[in-house]
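Thanks for asking me to look this one over. Below are my notes, point by point, with the cut-offs spelled out as they come up.

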Amino acid sequence: MPIRNLTPFHDPLFRKTSKPVVKFDDRLFALLDDMHDTLKRANGYGCAAVHVGILRRVVIVHDASGIIELINPTITKTSTATQRVQEGSIAPGAPRGHVLRPTHVTVTAQDRHGNPIIITSEGFLAATLCHEIDHLDGILFSDKLI
């Protein structure tokens, strides 16, 4: 699969809200596959479609068990407990810094075929999910630096 160009961190595209996915078809499958390869090449932990210039509600994250694909994800539950996490981005020109994130999150989404899924996570995975899902709403981690 092709490796796509990454959107620079200061591109105004990152401030836009991504649109829901309504078609679960070959075009979506190609986007997900390209995002996998792009994330692997960037040696990162997460990728929102906006990272490759597409304003759709699509996120992939790398977990110890492999890649998790989330279509139209929504954070449905967060812990009151927080953690301080050092974050960066695969976007060229991104800073690094510490952000407070919930220690636990639950996310509802769809898989690549439109089937509903629920992910309950903690620690670094919870922070990564928050970071990538924020991108879908035009929120950058740099807005939350402490």
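1. β2 and β3 make a hairpin, with two residues between them. Strand β2 covers residues 58-63 and strand β3 residues 66-78, and the two pair in the antiparallel sense over six bridges. Within this pairing, V61 has I68 of β3 as its bridge partner. Strands here are DSSP runs of E with at least two residues, helices are runs of H or I with at least four, and both are numbered from the N terminus. Two strands count as paired if DSSP finds at least two bridges between them.

2. A word on the source: this is a predicted model, in which local features need pLDDT of at least 70 and side-chain atom pairs count only at pLDDT 80 or more, while totals for chains, interfaces and linings use all residues. Residues are numbered from 1 along each chain as its sequence is written, and side-chain values use heavy atoms, with hydrogens and water left out.

3. β3 also pairs with strand β6 (residues 104-110), again antiparallel, through five bridges. Here T74 is opposite T108 of β6.

4. Helix α1 passes a simple length check: its 17 residues should span 24 Å at 1.5 Å a residue, which agrees with the 24 Å between its end C-alpha atoms. The expected span is 1.5 Å times one less than the number of residues. Among the buried residues of α1 are L28, F29, D34 and L39; buried means under 20% relative accessible area, exposed over 50%, and partly exposed in between (1.4 Å probe, protein chains only). The cover over these buried residues includes β1, β2 and β3. Just after α1, N43 has a positive phi of about 55 degrees.

5. S18 sits in the segment before α1 and is buried, at 4% relative accessible area. Beyond its neighbours within four places in sequence, S18 contacts L55, R56, R57 and L136, where contact means heavy atoms within 4.5 Å.

6. How many aromatic pairs does a search of the whole structure find? It finds three. The pair of Y45 and F124 is edge-to-face, because the ring centres are 4.9 Å apart and the planes lie at 80 degrees. Y45 is in the loop between α1 and β1 and F124 in helix α2, so the pair ties together parts 79 residues apart in sequence. Y45 is partly exposed at 48%, and F124 is partly exposed at 43%. Elsewhere, ring pairs join F9, F14 and F141 into a cluster. Rings of Phe, Tyr and Trp (its six-membered ring) pair if their centres lie within 6.5 Å; planes under 30 degrees apart are stacked, over 60 edge-to-face, and the rest tilted.
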